[in-house]
Protein chains: 2
Amino acid sequence: MTLKRAYNFNAGPSALPEEVLVKAQKELVNFNETGMSVMELSHRSKDYEAIHNEAKTLLAELLSIPDNYEILFIQGGASLQFSMIPMNFLTEEKVGNYVLTGSWSEKALKEAKILGRSTAVAATTKETNYNRIPKLTELNVSPDDGYVHITSNNTIFGTQWKEFPNIENNMLIADMSSDILSKPLPIEKFSMIYAGAQKNLGPSGVTVVIIRKDLLEKTNENTPSMLRYDTYAKNNSLYNTPPTFSIYMLKNVLQWVSERGGVAETDRRNQEKAALIYNAIDESNGFYQGHAETESRSLMNLTFNLRNEELSKKFLQEAKEEGFVGLNGHRSVGGCRASTYNAVPYEACDQLQQFMTKFKKRHE
Amino acid sequence: MTLKRAYNFNAGPSALPEEVLVKAQKELVNFNETGMSVMELSHRSKDYEAIHNEAKTLLAELLSIPDNYEILFIQGGASLQFSMIPMNFLTEEKVGNYVLTGSWSEKALKEAKILGRSTAVAATTKETNYNRIPKLTELNVSPDDGYVHITSNNTIFGTQWKEFPNIENNMLIADMSSDILSKPLPIEKFSMIYAGAQKNLGPSGVTVVIIRKDLLEKTNENTPSMLRYDTYAKNNSLYNTPPTFSIYMLKNVLQWVSERGGVAETDRRNQEKAALIYNAIDESNGFYQGHAETESRSLMNLTFNLRNEELSKKFLQEAKEEGFVGLNGHRSVGGCRASTYNAVPYEACDQLQQFMTKFKKRHE
């Protein structure tokens, strides 16, 4: 394949594997000799259901998800999960306990409060502008917690949990939108994992939920059908029309990861890719400054600044001219950010490292 | 274009215009010379925002939507709207009044009840198995109604409203999932119109909401951010990551309708298409029996039975062998159904009429 591809470092929606796009293109108008696009298939047809079920099977295999978990496909992104979690799991006696490691954890907590549920903060690293993940010993948890909620990877600040806490009854819930499928996971530690697809899993429009089955029986009867996890579990996520094309793309991405050696191999590649850029930062004598503390550094979102805003702007401008896409930091924090999700090729990271080295030579 | 295309009569997801699919295929890997797929664009990028805003502009033009309405893109389908409507508009004194014309209206009412809100039934045609739309004089409405809710087209039973009631303060809300964009609409009569995209608008995964601006100020502060209409209005439906590819396809479908002469011309074509099949029913001396009363007949979903279940099964089997897709009635009612949405070509309807006539000759 010799298509001219951008060096896409978008934080999400983000790069998809070229092979997956080429396959989707080939099949787009006539899927599987049906004379129809995937988008034109009934969600009750055998052709579609095969895609839907294969996506579930592939995810279960790749992440070694045990049988006592269900995989659900929901719409609305992680942002809707922020509300569904307290709606489904917080009864009067239970407290939703949140570890704050950035904007997304804050938003998750905010939605539980809007609903008027009891909440607590297990730990926060806000005082150092979320430049690190708290140590496990810093967490303040209690047996009354309905759950403990974490954000496994912080897209905006560039930090990532390297080890997960052991919570009573394993009632740990994680927003893994930006690092699911990037490495092997100890699923048993979690009661629920959720992830918007638009970083490592596929295009936007579908959210994957991995939920332990015993949690499906706890929902209050005043909860709307579309906001109850058991509605999705009982109906194989086909209670109403699912986002069929997004799930088809998810299936193709999962196949691609599987064919390339699974999540352990993906993890190895991601470490290699991130090392290129972190090395460029570490060997720059402070020309580039990473935002995150070294032991909390994310392998997915690599955040850094230059010595002043003017130079950062120049860096971003020249990078853009060289064909790099999406290197601006999030509008809430500024600076630079390279998102090196699964589908970002080694070559793009290598090119970025070279550009960083050359830019430094010209401007230090 | 000479692709082998199925005669696709699916009720939704359903046929898309061939031209739209071919365009999407061409652009799939490299959109607008960006070196990226539409699916890989950031939702905060200029390239994507142009698509997003063009979809809104085109819809406003095609349906002559006045300036005091907002167009929103939401996930979760019409089924999530069933809950969002009472959550946003029913305060303690207000009653949600529902006209029941089929399964979808029943579900809309059910969700208002789950939330514990006050509801009423303005009219129902359940006693005749939803074979007609009530006359406007049959509606029992009151000034206390927060809104009156109707389903403008009933996908399962094959009925459609031909004229809309005048409700106090125009507090009429319509689920138009299966007939939006099929004909010109008196938008001013409605406080809100909503529609899952997967019939006339595009692929599944996005729901279009057209809402009068004064309704955006009424939401209770305990409502989750993702379930408030004003969250979408204030953020141009970009509060969180929208389903970007679905919205891109929506934009392309709207362009296609616009290029083919708009909704008045679409209405003319739809009448012509439906007439082919209704004629085959009416001229069959009872061999085919329409479910809906003549004056309530839908131009989108044409429902009929044969004289017994065995013959219906034979009809469906032979039709399938001839390459017709999606003619089974909904699993809740059985029989046959041809969905002739905007993108179903005249030729497919013509072929179906011919098949119906031949089948009758062989089996009467």
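Predicted model: local features only at pLDDT ≥ 70, side-chain atom pairs only at ≥ 80, totals over all residues.
Two strands are taken to pair if DSSP finds at least two bridges between them.

## The three-stranded sheet of chain A

The strands of this open sheet follow the order β11-β12-β14 in chain A, with antiparallel pairing. Its edges are formed by β11 (289-290) and β14 (336-339) of chain A, each of which pairs on one side only. Two bridges connect β11(A) with strand β12 (residues 301-305) of chain A in the antiparallel sense. Within this pairing, Gly290(A) has Phe304(A) of β12(A) opposite to it. Helix α7(A) packs on the sheet and touches β11, β12 and β14 of chain A, and the direction of α7(A) makes about 15 degrees with that of β12(A).

Helix α7 (residues 262-282) of chain A also contains Val263(A). Because its relative accessibility is 8%, Val263(A) counts as buried. When neighbours within four places in sequence are left aside, the contacts of Val263(A) are Leu62(A), Leu63(A), Leu181(A), Ser182(A), Lys183(A), Pro184(A) and Val257(A). Ser298(A) is 35 residues from Val263(A) in sequence, and the C-alpha to C-alpha separation of the two is 16 Å.

## The seven-stranded sheet

Chain A also has an open sheet of seven strands, ordered β2-β10-β9-β8-β5-β3-β4, in which the pairing is mixed. Strands β2 (69-74) and β4 (119-124) of chain A stand at the edges with a single partner strand each, so one side of each has no neighbour in the sheet. On average, and with direction ignored, neighbouring strands of this sheet are turned by 20 degrees against each other. Helix α3 (residues 77-89) of chain A packs on this sheet, where α3 touches β2, β3 (95-100), β5 (145-151), β8 (172-175), β9 and β10 of chain A. The direction of α3 makes about 155 degrees with that of β9(A).

Five bridges join strand β9 (residues 190-196) of chain A to strand β10 (residues 207-212) of chain A, and the two pair in the antiparallel sense. One of the residues involved is Gly196(A), whose bridge partner in β10(A) is Thr207(A).

In chain B, strand β3 (residues 95-100) is mostly covered, with six of its six residues buried. Val95(B), Asn97(B) and Val99(B) point one way from β3(B), whereas Gly96(B), Tyr98(B) and Leu100(B) point the other way; all are buried. Strand β3(B) runs parallel to strand β5 (residues 145-151) of chain B, to which four bridges join it. With strand β4 (residues 119-124) of chain B, β3(B) pairs in the parallel sense over five bridges. Gly96(B) takes part in both pairings: Tyr147(B) is its bridge partner in β5(B), and Thr119(B) stands opposite Gly96(B) in β4(B).

## Aromatic pairs and charges over rings

Over all chains, the structure holds 37 aromatic pairs.

| Ring pair | Centre to centre | Angle between planes | Geometry |
|---|---|---|---|
| Phe245(B) and Tyr248(B) | 5.5 Å | 40 degrees | tilted |
| Tyr288(B) and Phe315(B) | 5.7 Å | 70 degrees | edge-to-face |

Phe245(B) and Tyr248(B) are three residues apart in helix α6 (residues 244-259) of chain B, and are therefore separated by about one helical turn. Both Phe245(B) and Tyr248(B) are buried. The pair of Tyr288(B) and Phe315(B) links distant parts of the chain, 27 residues apart. Tyr288(B) lies in the loop between α7 (262-282) and β11 (289-290) of chain B, and Phe315(B) in helix α8 (residues 309-321) of chain B. Tyr288(B) and Phe315(B) are likewise buried.

In chain A, ring pairs link Tyr7(A), Phe9(A), Phe287(A), Tyr288(A), Phe304(A), Phe315(A), Phe324(A), Phe355(A) and Phe359(A) into a cluster. Lys4(A) lies over the face of Tyr7(A), at 5.9 Å from the ring centre. In chain B, Lys4(B) lies over the face of Tyr7(B), at 6.0 Å from the ring centre.

## Relation of the two chains

Chain A is superposed on chain B by a rotation of 180 degrees with 0.0 Å of shift along the axis, at an RMSD of 0.0 Å. The two copies are therefore related as by a two-fold rotation axis. The same surface serves both copies, since 100% of the contact residues of chain A recur in chain B.

Key
Residues numbered from 1 in each chain as written. Chains lettered and ligands numbered in written order. Heavy atoms only, no water. Axes fitted to C-alpha atoms, helices over the stretch in contact; angles between N-to-C directions. Contact = heavy atoms within 4.5 Å. Least-squares fit on C-alpha atoms with pLDDT ≥ 70 in both. Phe/Tyr/Trp six-rings, centres within 6.5 Å; stacked < 30°, edge-to-face > 60°. Buried < 20%, exposed > 50% of the residue type's maximum accessible area, 1.4 Å probe, protein only. Lys NZ or Arg CZ within 6 Å of the ring centre and 35° of its normal.
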